[in-house]
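Please open the model in your viewer and keep the selection panel at hand. The stops below move from a sheet to the helices beside it and then to the cores.

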Amino acid sequence: MAETPEGSDGLDEAVVDRVPVGLFAIDRDWTIRLWNRSLQVWTGRGREEAMGRDARSIFPALAMPRHSSRIETLFEGGPPVVFSYELNAQLFVCKREGDRERHYSCVSSAMRGGAVVLFTVEDRTEAVSSLAELRRELVLRKAAEASLLDALKVKEMLVREASHRVMNNLTIIASLIGLESRRAQDDARCGFEELEARISSIALIHELLYKGEIGKEIWLDDYLERLCRSVFSTFLPADSPAKLELELAAVSLDVDDTLYLGLIVVELLTNSLKYAIIPRNGGLIRVSLRGLEEGWMELSVADDGPGIRLAADRGAAETSGDSLGQSLVSLLASEIGAELSRGNGPGTLVALLIPQKSK
Amino acid sequence: MKDELPDLTLLADIVAKGLGKAAAVLGEMLESPVSIMDREYCVLHVSELPLALGIEKGEYVRVIEMGFSGGFEGTAHLVFMPTDAERLADRVTVGLGLVSDDIESIRRGTLSEIGNIVINAILGTMANDLGMELTYMVPLCLRVVARDLVPIPTDGKGTVVLIRARFSVAAIEVDGDIIFFLSLSSLERLALSMQGLAHG
C-alpha cells in the first residue's frame with residue numbers, strides 16, 4: 001500500500017487537498033509547513049514552490065505590524081484571529097489570471113499550543129455576489145410593492161369619488177320624487193313614496209361604499225338598520241306609534257346581491273306599512289337577519305297585521321299593485337339565488353334563505 | 001437568584017484588565033475614546049438572564065460570538081443593536097475606499113473582525129493572567145433575536161456565571177455590551193487558579 005504523503009504538521013495532504021478552502025500553516029519562524037491545492041489555485045503557486053518559504057514573502061501584507069502583531073498572539077496559544085476582506089483586501093490577493101477581484105474571509109488558529117498557526121482562506125465571492133443580487137431584487141420588489149400600493153390608493157380614491165357622486169345623484173332624484181309625492185293624491189303619493197324608498201336603498205349602498213372600507217362586500221347589519229329606518233321615516237310621521245324591531249347579525253354580502261336584497265326589503269317593508277301599520281295607525285314590524293351554517297343566511301320580515309289574504313280582500317286595485325310588488329320580490333330573490341317562503345299568520349311573515357356566495 | 005461573588009475580586013480585576021485592553025484596541029481602531037461601564041459579575045439561573053440582560057423583547061441584535069473551553073469554558077459575545085453595529089462598521093471602513101453594491105457584506109465582514117479583536121483582547125488577557133490553556137471555537141458574526149443569546153447551562157442546575165460590561169463610543173454614538181457566560185464548574189477551577197496566583 002502506498003504511503004500517504006503528510007506535511008510536516010502531520011496533516012494528511014490527500015485530505016487537505018480535498019477541502020474547498022485555501023489552507024496553509026506556518027511555524028513560529030513563519031515557515032510554510034502546509035499548502036493545499038485550493039490555495040495553489042488561489043495564489044497560482046504550487047506546493048513545491050511554497051513549502052519551506054517564509055509566508056511573508058508570498059503574502060507581503062502579513063509583515064505589516066498590525067497583522068503580524070495579531071498573528072504573534074497565536075504562537076502563544078491565543079484565540080483565533082479573523083481577517084476580513086473588507087479591512088484587509090490586500091492580505092490574500094487572488095492571483096488567478098484574468099480573474100476579477102475576489103472576496104475572502106480568513107480565520108487563523110493556533111494548533112499544538114501555538115507551535116503551528118493554520119490559516120483558512122475561504123472564497124466568499126459567489127456568496128457575496130448572490131447576497132448582493134438578492135438584496136437588489138428585494139429593493140426592486142419593495143419599490144414595485146410600494147408602486148402597487150400607490151396605484152391601489154388611487155383606485156380606492158376614484159371608487160370613493162364615483163360612489164360619492166352616484167350617491168349624491170340618487171339622493172337628489174329621491175328628493176325630487178319625495179317633493180312630487182307631497183303634491184300627489186293618495187294613490188299616486190304611495191307610488192312615489194315606494195319609488196323614493198327604492199332609490200334611497202340604492203343610494204345608501206353607494207354611501208356605504210363611499211364612507212366605508214373599499215371591498216366587494218357590505219355589512220348587512222349596518223346597511224339594513226339604516227335602510228329600514230329610512231323607509232319608516234318615508235312612510236310614517238315622526239310621532240307614529242308604530243314600532244320597528246331589528247335583530248340583525250353581523251354578516252356580509254357582496255355589493256351586487258346587497259343591492260337586490262335592499263330592494264326586496266323595501267318591498268316587504270312597504271307592504272307591511274301599507275296593510276299592517278298605516279290602516280291601524282300603529283303596530284309592529286320585525287326584521288331579522290341571522291347567519292346559518294356556512295355560506296347561508298336567513299332574512300325575515302314579519303308584522304302583526306291582518307296577513308296577506310285578508311289584506312288582499314280589501315280591494316282589487318291595491319292587490320294588483322301589490323302583486324307587482326310580490327312579483328318584484330320573487331324576481332329579485334331569484335336573482336340572488338334566494339329561496340322565498342311565507343308564514344301562516346297571524347300577521348305576515350316572509351322569509352328568505354340567502355346564499356352568501358350566490359354567484 | 002443573583003449571588004454576588006465577593007471571593008472572585010481577582011477575577012474581576014483580571015476581566016477589568018482585559019476590558020481595558022479591549023477598549024484601548026477598539027479606541028485605536030475608531031480613533032475615539034471608548035468608555036467601559038456597568039461591570040457586573042454574578043451567578044444566575046438561565047431563566048433570570050433575559051431580565052438581567054434586558055432582552056425580554058424579541059428584538060434583533062448583531063452578535064460576534066466565540067466559544068471556548070479548557071481551563072474554563074463558556075461563550076463570549078459582543079452585542080450591538082443593529083443601528084449601532086452599522087455606525088460602528090461605517091466608522092471603521094470610512095476612508096478605505098471600499099467599492100461594493102452590497103453594504104451589508106461590508107458591515108458584516110468589518111464587524112466580524114472588530115468583534116474578534118475585542119473578544120481576543122479580553123480572553124487572551126484572562127487566559128494569560130490565569131495561566132490557563134484554552135481551546136477556541138471559530139468566531140461567528142450573527143444577527144439573532146436577543147433572547148437566543150441565553151446559553152444552555154451544563155451544570156444540571158441551570159445556572160451560569162455572567163460577566164458583563166457596557167461600552168460606549170460617545171463620538172459616534174455607539175453603545176454595546178460585552179457579555180461572557182461561564183459554566184459554573186469553571187468557577188471552582190478559576191478560584192483554584194486565582195488562589196495559586198494570590199499565593200504564588
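Begin in chain A by selecting the open sheet of five strands, whose order is S7-S9-S10-S12-S11 with mixed pairing; strands are DSSP runs of E, at least two residues long, and helices are runs of H or I of at least four, numbered from the N terminus, while two strands pair if DSSP finds at least two bridges between them. This is a predicted model, in which local features need pLDDT of at least 70 and side-chain atom pairs count only at pLDDT 80 or more, whereas totals for chains, interfaces and linings use all residues. Residues are numbered from 1 along each chain as its sequence is written, chains are lettered from A and ligands numbered from 1 in the order written, and side-chain values use heavy atoms, without hydrogens and water.

Next, colour the edge strands of chain A, S7 (243-248) and S11 (339-342), each of which pairs on one side only. S7(A) runs parallel to strand S9 (residues 284-291) of chain A, with six bridges joining them, and A:Leu248 stands opposite A:Leu289 in S9(A).

Then move to the largest nonpolar core, where B:Phe68, B:Phe72, B:Phe80 and B:Leu123 touch the most other members among its 51 residues. Such a core is a set of buried Ala, Val, Leu, Ile, Met, Phe, Trp, Tyr and Cys residues joined through side-chain atoms within 4.5 Å, buried meaning under 20% relative accessible area (1.4 Å probe, protein chains only). Its largest share, 10 residues, comes from helix H4 (residues 103-130) of chain B.

Definitions and conventions. Buried < 20%, exposed > 50% of the residue type's maximum accessible area, 1.4 Å probe, protein only.
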